[in-house]
Amino acid sequence: MLRFAVLTALLACVSGGLVPQLDGRIVGGKATTIESYPHQVALRKSGSYICGGSIYKANVVITAAHCTIGQSASSLTVVAGTSSRTSGGVSRQVSSIRQHPSYDPSTINNDISLLILSSGFTYSSSIQPIALTSSAPAAGTAVSVTGWGATKEGGAVAATLQVVTINVISTSQCSSGYGTGKITSAMLCAGVNGGGKDVCQGDSGGPLISGGKLVGIVSWGIGCARNGYPGVYTNVAYFKSWVESNS
């Protein structure tokens, strides 16, 4: 089953006979602290966690478009500065959503949104922005992804922030599992040979990082940590100019 990384099914679409699902908790990782990944935030709808995100500026958060499609800004808040999914941290109301105008829910292409906050976060050891990469990392590059999603396919979401280190997978190798044409230049794949490490339901919108920079946004995949089906991420380098001009 195709997954997306949002906690609740904000979207269900059929493409090539597969039913996309939003991703969830980190599989094959370990607990970590927000001080190690202070750009990580939690997106909540009416007080309940739905997605992850990354602080780009004090009042701008980057997340996935599948997390924001159909949502009203007034129902969304962003929580920063806590390792816990449900408690602590600093909350800010979302004042507007700038979803990529070419986001396509049927192909999950251009899966990126900006959340403009009503007031900016004050930076601290647990709240910091992350810079955007200018170029996508090469295949084989080690990357890290964080989130509060499920630790196994179909499992419960995590209470404490999780992290896992995986490797960038070439588009050609990724396409061998997902099919020709499914992985676009706006996407980036990452995982490990044989499966076992991945994102899962609940990790959507969260950060994939390399060298201290944001290189990907948790987007979609088939199942969680399945062999031959690495996680698919929004390719941040592809959207760098769009982010800069819209934030």
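**Exercise 1.** Find the bridge partner of threonine 63 in β8.

*Solution.* Start with the ground rules: this is a predicted model, where local features need pLDDT of at least 70, side-chain atom pairs count only at pLDDT 80 or more, and totals for chains, interfaces and linings use all residues. Residues are numbered from 1 along each chain as its sequence is written, and side-chain values use heavy atoms, leaving out hydrogens and water. Strands (E, at least two residues) are DSSP runs, numbered from the N terminus. Now look across from threonine 63 into β8: you land on serine 113.

**Exercise 2.** Work out why β8 is largely enclosed by the rest of the structure.

*Solution.* First, the cut-off: buried means under 20% relative accessible area (1.4 Å probe, protein chains only). Next, go through residues 113–117: five of the five are buried, so β8 is largely enclosed. Then check each face: Ser113, Leu115 and Leu117 cover one side, Leu114 and Ile116 the other, and all are buried. Finally, look at β7 (residues 90–99), which runs antiparallel to β8 with five bridges; there, valine 94 stands opposite leucine 117.

Conventions. Buried means under 20% relative accessible area, exposed over 50%, partly exposed in between (1.4 Å probe, protein chains only). Helices (H or I, at least four residues) and strands (E, at least two) are DSSP runs, numbered from the N terminus. Two strands pair if DSSP finds at least two bridges between them.
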